[in-house]
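Subject: Structure for you to look at

Hello,

Here is the structure I promised to pass on. Please open it first, then read my notes below.

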Amino acid sequence: MALDVALGVFLAFIVVAGTLGTRSYWELAGGLAVVAGSVVTARRYPAVSLGIALAGTLAVPFPLGDHVPAWVIFVLVAMSYQAGLRMPRARPGILTGVACTVLGLPLALAFGPDGLGDWAQMVAMLVFAGLSPWLLGRYIRVRGELARTGWRRAEEMESRQRLVAEQARLRERARIASDMHDSLGHELSLIAVRAAALEVASGLDDAQRDAAAQLRTSAATATERLREIIGVLREDAAPVEPVQGDLGELIGRARASGLLIESTVDTDGAPPMVARAAYRVVQEALTNVAKHAPGAAVTVRVTSTGARTDVSVVNAPPPAGPLPGAASGHVGLIGLRERVRLVGGTLRAGPDAGGFAVTATLPHGAGPAEPDAAADDEDGQSTSARALELARRDVRRSLVQAVAVPLGLFAVVLAIAGIAFLYQWNSSELPSGVYDRLRIGQPRAEVAPQLPGNQRIARPVRGEPPLPAVPGVVCEYYGTGRSWLDNDYAAYRLCFADGRLVAKDRFAEGAS
């Protein structure tokens with residue numbers, strides 16, 4: 001509302017300042033009425049506001065007779081832009097503009113003092129001061145709506161992506177729980193078996209047998225409790241396949257399935273959790289190669305030192321390109337990041353020389369790293385966040401193009417028109433000495449070699465003397481050499497009838 005008030009005050013000031021020199025109270029009253037009506041209705045009824053501004057633009061200049069007020073242009077530009085910006089639909093604005101144009105242009109042609117010239121001036125004003133700002137306002141509104149819709153969509157995608165990532169992390173934790181069940185359950189079962197054998201062994205007193213029995217019972221209870229806990233985890237996550245075997249067996253099975261693998265594996269001295277994390281990295285990377293890069297050669301490197309284990313799985317570009325439709329949701333990589341994070345390591349995955357590389361650094365004896373919910377890719381920026389940023393850049397680029405391209409085209413057209421105008425202006429100049437030597441009654445054929453090749457198109461429209469009262473008279477117009485920047489530029493008029501010069505005149509704009 002404050003913006004509308006400020007706009008109304010500014011336009012009213014323009015009207016008052018524009019009418020001070022003319023002292024036309026009708027113009028002042030009409031201008032203030034147009035400003036008040038269009039500004040008051042601009043917010044709630046933008047089509048009505050546009051209609052008032054157009055009607056005022058078409059009606060106000062005619063009583064003035066000799067000029068179009070400058071304030072008319074300001075009002076039309078401001079209110080057309082506001083209408084385009086606030087109209088939820090384009091149809092009311094189009095109908096309003098067409099109605100005002102259809103009614104107003106005939107008035108300009110019929111009642112304008114310059115006839116066709118006033119009509120052309122009105123057309124130019126409606127196009128450049130009315131239509132162009134309205135289109136710009138519509139563009140900004142539509143782009144804003146599209147942008148807001150895109151942001152909402154991106155936020156939904158962001159939330160969905162986080163849910164998928166969380167599910168992948170839970171899946172990986174369930175996989176880790178399964179690994180724990182397989183390993184710890186097996187060890188606890190062995191403890192229970194050994195305790196049972198010790199319980200029935202000879203040479204033990206009653207107290208020792210009771211201790212062995214308690215040990216067997218505790219091992220069985222721990223095994224059952226572990227099974228219950230893992231069962232709860234499996235109810236919250238999708239069923240998973242536990243880690244089975246070692247890296248050598250995994251690579252051997254992958255080779256047997258058709259993958260071309262060159263491998264170097266050394267996990268001696270790696271803690272069990274680190275070894276299992278390395279297994280999962282290699283397993284997921286080989287699965288992705290089989291899915292997204294069929295036929296590609298793969299290099300697997302797993303090396304352990306006293307402080308860490310480094311894992312690298314790099315595949316070359318697939319010979320026949322990726323499988324069509326085999327789009328990746330990055331869920332496996334999200335699970336890998338969770339697995340690696342829990343052992344305090346880092347994971348990197350991305351394109352490499354046309355192929356793809358998955359590398360991990362797994363420290364020995366480190367605790368879990370801090371989780372990063374947004375780290376869905378290597379640079380820590382989620383996919384939808386990147387999409388949002390790209391969309392913002394596209395909006396800014398489109399807005400610049402929407403302003404710069406029309407202005408550039410207008411400048412080109414203006415330059416071409418200016419060059420053509422100057423050429424026509426200079427090529428239609430009749431030297432004053434030639435004009436002075438022309439005599440009434442001189443044959444046209446004798447005069448023609450002395451005349452310019454072109455006639456003057458832009459010539460004074462006011463101050464021209466009456467045509468000679470001679471039947472069949474035809475007049476030609478030529479320049480006098482005056483600059484086109486002069487407001488009262490002049491022209492020569494040569495009138496011929498029956499092939500002879502019957503009148504020659506020199507007249508200027510506004511001369512009486």
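Which residues have the most contacts inside the largest nonpolar core? They are Ile 261, Val 281, Val 282, Leu 286, Val 300, Val 311 and Leu 362. This core has 30 residues. Bear in mind that the model is predicted.

Helix 10 gives the most, with nine residues.

Now pick out Val 282. Leave aside its neighbours within four places in sequence. Val 282 is then in contact with Leu 247, Leu 250, Val 300, Val 302, Val 311 and Val 313.

Next, the protein as a whole. It has 14 helices and eight strands. Of its 512 residues, 36% count as buried. Take the contacts with a separation of 6 or more: residues 24 or more positions apart account for 68% of them. The accessible surface comes to about 28,500 Å², and 63% of that belongs to carbon and sulfur atoms.

Last, the record. An unreviewed UniProt entry places the feature "transmembrane region" at residues 6–26, 47–64, 70–87, 94–113, 119–136 and 399–423. Look at residues 70–87 in the model. The chain there is 94% helix and 0% strand. Its end C-alpha atoms are 26 Å apart.

Best wishes

Note on methods:
Residues are numbered from 1 along each chain as its sequence is written. This is a predicted model: local features need pLDDT of at least 70, side-chain atom pairs count only at pLDDT 80 or more; totals for chains, interfaces and linings use all residues. Side-chain values use heavy atoms; hydrogens and water are left out. A nonpolar core is a set of buried Ala, Val, Leu, Ile, Met, Phe, Trp, Tyr and Cys residues joined through side-chain atoms within 4.5 Å. Buried means under 20% relative accessible area, exposed over 50%, partly exposed in between (1.4 Å probe, protein chains only). Helices (H or I, at least four residues) and strands (E, at least two) are DSSP runs, numbered from the N terminus. Contact means heavy atoms within 4.5 Å. Accessible areas come from the Shrake-Rupley method with a 1.4 Å probe; for residues, only the protein chains shown count as cover. UniProt positions are given in the numbering used here, feature names are shortened, and annotations may be inferred rather than shown by experiment.
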